[in-house]
Amino acid sequence: MDIYLVGGAVRDALLARQAQRPAGSHFDRDWVVVGATPEAMTAQGFLPVGKDFPVFLHPQTREEYALARTERKTAPGYHGFHFHTDPGVTLEEDLARRDLTINAMAVAQADADDPAGAPLIDPHGGQADLRAGVLRHVTGAFAEDPVRILRLARFAARFPTFTVAPETLALMQDMVAAGEVDHLVPERVWQELARGLMEPRPSRMFEVLRDCGALARLLPEVQRLWGVPQRADYHPEVDTGVHLMMVLDMAARLGASLPVRFACLCHDLGKGTTPADVLPRHIGHEVRSARLLQAVCERWRVPRECRELADVVAREHGNIHRSTDLNAAALLRLLERCDALRRPERFADVLLACECDARGRLGFDDSAYPQRDRLQAVLAAALSVETAPIARAVQQQSPAPRNPGETIAAAIATARTRAIDTMRSAAA
Ligand SMILES: Nc1ccn([C@@H]2O[C@H](COP(=O)(O)OP(=O)(O)OP(=O)(O)O)[C@@H](O)[C@H]2O)c(=O)n1
Ligand SMILES: [Mg+2]
């Protein structure tokens with residue numbers, strides 16, 4: 001059997017030589033095995049992964065070794081696959097069924113430690129496309145797997161200077177028109193969206209999805225935001241879709257976590273359903289955003305952490321932006337609505353998402369967002385109140401209050417309000 005290194009490890013080694021990526025940035029290595037049978041693999045100690053894919057794990061390194069294969073589609077969507085693998089499938093045949101030319105290059109296993117300096121097996125011009133910065137499909141086999149539309153969009157977010165080859169965009173448009181993205185399983189869609197959100201330029205993923213028509217199918221709530229105006233005095237970029245892209249790229253620039261980036265994606269969804277006669281104002285869009293994001297989360301089975309943060313950010317981002325004018329009692333109510341006292345780390349994420357929103361506007365990218373530090377200080381003041389002595393004092397009251405629970409809660413709120421006030425006069 002012959003073993004080759006393929007996919008991302010080869011691509012990234014060549015990119016590192018072009019100094020687009022730091023050397024050694026790729027840890028996940030994919031291998032392809034030619035001239036072997038599943039039986040020969042297990043006989044050598046490789047462990048089969050799943051029953052659908054002819055893929056094995058190396059007994060020591062745990063890296064993936066896939067038997068060279070060709071794929072044929074049997075039904076729409078991600079489940080509709082039929083693999084053909086036998087020892088006669090060549091490396092070239094295996095490379096031809098891969099998604100992008102930059103991912104369809106291989107080097108022999110003996111050269112795997114220095115792929116960039118080794119003879120390259122590159123039948124589809126992957127190296128030239130890598131140099132030119134082009135995302136291009138290898139063959140018509142691209143259309144056999146609609147997840148590849150999402151993968152390509154994610155690679156655009158990872159390599160933001162890369163463009164999509166016109167023929168590849170046309171192919172993706174045809175796939176979308178044929179209903180190919182309507183049958184994707186939620187887990188795969190979310191996995192790719194989540195990865196794309198975590199890349200250096202998430203906006204590129206959404207641009208590509210929008211250009212090929214997939215965004216309208218997968219996330220119509222997001223698609224709708226282009227063409228929706230906002231008030232130019234708050235939003236010099238005016239267009240809501242443009243704003244959203246700036247917010248996402250700001251989240252990447254500030255190194256935000258996935259939940260924060262997802263909250264950024266969903267915070268203004270409600271602007272897409274603002275009645276035309278009130279535009280460019282968006283009164284009450286926060287509640288509509290919160291409702292729409294639930295639909296998105298159901299559809300793609302978005303994990304709870306992302307969903308909960310997005311809900312708070314959707315509801316409260318306007319109040320947080322305007323928090324400068326709030327008095328101590330109103331600030332405490334804001335903290336309580338955000339559940340900040342019980343979940344201070346999550347509140348930090350809420351504030352970061354709000355900063356991304358504020359700085360994701362034309363001309364504001366280097367502006368300060370003082371609300372963030374200020375509300376952190378407000379929270380610290382509220383948390384500094386010791387609640388146990390307050391509860392004890394109420395319990396020792398005589399005559400006992402009619403509703404001790406409520407009395408304790410009110411006394412704690414009063415003490416916290418006072419602490420916030422004291423902090424504010426000290427800071428002023
Ligand atoms: N739907 C898919 C998934 C994967 N591949 C092929 O399998 C390789 C390995 O897949 P994966 O590890 O998911 O992607 P990488 O390109 O290695 O990128 P990275 O691991 O850096 O995300 C890809 O390069 C590509 O050749 C494909 O053609 N179609
Ligand atoms: Mg890989």
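**Exercise 1. Against which helices do the buried residues of α17 pack?**

Solution. This is a predicted model, in which local features need pLDDT of at least 70, side-chain atom pairs count only at pLDDT 80 or more, and totals for chains, interfaces and linings use all residues. Residues are numbered from 1 along each chain as its sequence is written, while chains are lettered from A and ligands numbered from 1 in the order in which they are written.

Step 1. Find the buried residues. A residue is buried if 20 or more other C-beta atoms lie within 10 Å of its own, exposed if 12 or fewer, and partly exposed in between, with C-beta atoms placed from the backbone. In α17, this picks out Leu375, Val378, Leu379, Ala381 and Ala382 as buried.

Step 2. Locate them around the axis. They cover an arc of only 160°, which puts them on the same side of α17; the arc is that of the directions from the helix axis to the C-beta atoms. In general, an α-helix has 3.6 residues a turn, so residues three or four places apart point the same way. On the other side of α17, Pro370 and Asp373 are exposed.

Step 3. Name the partners. The buried residues of α17 pack against α14 (304-321), α15 (328-337), α16 (344-359) and α19 (404-427). Two residues are in contact if their C-beta atoms, placed from the backbone, lie within 7 Å.

**Exercise 2. Trace the strand pairings from β8 to β4**.

Solution. Two strands pair if DSSP finds at least two bridges between them.

Step 1. β1 and β8 pair in the antiparallel sense over three bridges, and valine 6 stands opposite alanine 106 in β8.

Step 2. Strand β1 (residues 2-6) also pairs with β2, antiparallel, over five bridges. Here tyrosine 4 has valine 32 in β2 as its bridge partner.

Step 3. Strand β2 (residues 30-34) is joined to β5 by four bridges, and the two run parallel. Leucine 67 in β5 is the bridge partner of valine 33.

Step 4. Strand β4 (residues 55-57) pairs with β5 in the antiparallel sense over three bridges, with phenylalanine 56 opposite tyrosine 65. Six residues lie between the strands of this hairpin, and arginine 62 takes a positive phi near 65°.

Step 5. Strand β5 (residues 64-67) has a covered face, Tyr65 and Leu67, and an uncovered one, Glu64 and Ala66.

**Exercise 3. Is aspartate 113 buried or exposed?**

Solution. Aspartate 113 is found in the loop between β8 (106-108) and α4 (126-132). Aspartate 113 has 11 other C-beta atoms within 10 Å, so it is exposed. Aspartate 113 and leucine 5 are 108 residues apart in sequence, but their C-alpha atoms are 9.8 Å apart in space.

**Exercise 4. Describe the shell around ligand 1 by class**.

Solution. The shell has two nonpolar, three polar and seven charged residues. Ala, Val, Leu, Ile, Met, Phe, Trp, Tyr, Cys and Pro count as nonpolar, Asp, Glu, Lys and Arg as charged, and the others, Gly among them, as polar. The residues around ligand 1 include Asp28, Arg98, Asn103 and Val147; a residue is near a molecule if its C-beta atom, placed from the backbone, lies within 6 Å of it. Helix α5 (residues 147-158) gives the largest share of the shell, three residues.
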